[in-house]
Amino acid sequence: MKILRFENITKIFNSRSSLKALDNITLEIESGDFVNIIGRSGSGKSTLLKISAGILTPTSGEIELDGENLANKSDSELSRIRNYKIGFIPQGASVLPNLTIIENVILPAILWEHGGDITGYAMILLEKFGIANLANSYPSEVSGGELRRALIARALINHPKIILADEPTSNLDSESSQNILQIFSRLNSQENVTLLLVSHDLDTLKFGKRVFEMNDGILTQKSVL
């Protein structure tokens, strides 16, 4: 089953310029896939991820998420789709500093009604990632690697169709980076979680199933792992 489909996606930020942030990209991601997109900063990786999440609109082309065309959707409709179908892990420590770790994790489930024992499930996720003891700590009180695990838990809280991760190992030491990548690998291999990761960290190439390279807005498949 196709979870994400790009067809001839182009993105130009300045209509008076011929410079394309994304240049005629076609890509399909099936349920259970694990796709890595590598490339230097400014190559278009983050733009691709934001279009995948409906945060940005392509200049031309078509995008479908779980069979639903994202074109002409209102901001409210796109917010609903993101909340129910996407787990988004942005660059850096994107959390609310005045909320505890567990409050940050359950936030997406509170913004849109989902039902069930949200706090209980959040604790299960924190336990799975080895940070249950930090549930009532504040972001300023935990390490970068611990905070990144909390962001993964937050991305999973609504049982999304796909996880989109933007530079998930940035600003982490090598040990923490490996731990985060191993978490992604286990989620994919043991729980069939669909993943799309973009990164300039070549260590990500040891994980996943397919690898693409982004260069000046052009996407090229490099290998099958």
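**A buried leucine and its setting**

Mentor: L156 counts as buried, since its relative accessibility is 7%, where buried stands for under 20% relative accessible area, exposed for over 50% and partly exposed for what lies in between, with a 1.4 Å probe and protein chains only. Before going further, note that this is a predicted model, in which local features need pLDDT of at least 70 and side-chain atom pairs count only at pLDDT 80 or more, while totals for chains, interfaces and linings use all residues. Residues are numbered from 1 along each chain as its sequence is written, and side-chain values rest on heavy atoms, with hydrogens and water left out.

L156 belongs to helix α5, which covers residues 144-156; helices (H or I, at least four residues) and strands (E, at least two) are DSSP runs, numbered from the N terminus. Once its neighbours within four places in sequence are set aside, L156 is in contact with Y121, L125, F129, I163, L187 and V193, contact being heavy atoms within 4.5 Å. Between the C-alpha atoms of L156 and I89 there are 9.9 Å in space, although 67 residues separate the two in sequence.

After α4 comes G130, with a positive phi near 75°.

Positive phi also turns up at residues other than glycine. In general, most residues other than glycine have a negative phi. E167, which is not a glycine, has a positive phi of about 50°; it sits in the loop between β7 (162-166) and α6 (174-191) and, at a relative accessible area of 5%, is buried. D66, likewise not a glycine, has a positive phi of about 55°; its loop is the one between β4 (60-65) and β5 (68-69), and with a relative accessible area of 16% D66 is buried too.

Apart from neighbours within four places in sequence, L181 is in contact with T169, L197, D203, T204 and F207. L181 and L78, 103 residues apart in sequence, have C-alpha atoms 28 Å apart.

For a loop position, consider S43, which lies between β3 (34-38) and α1 and counts as buried at 0% relative accessibility. Beyond the residues up to four places away in sequence, S43 touches A21, M214, N215, D216 and G217. L56, in the loop between α1 (45-52) and β4, is partly exposed, with a relative accessible area of 23%; leaving out residues up to four places away in sequence, it touches F13, T47, K50 and I51.

Now for the whole chain, which contains six helices and ten strands. Its radius of gyration is 17 Å, close to the 17 Å that the globule rule gives for 225 residues, so the chain is as compact as a globular protein of that length; the radius is taken over C-alpha atoms, and the rule is 2.2 Å times the number of residues to the power 0.38. The C-alpha trace spans about 50 × 40 × 35 Å along its principal axes. Of the 225 residues, 51% count as buried, and among contacts with a separation of 6 or more, 71% join residues 24 or more positions apart. The accessible surface, from the Shrake-Rupley method with a 1.4 Å probe, comes to about 10,700 Å², of which 48% belongs to carbon and sulfur atoms.
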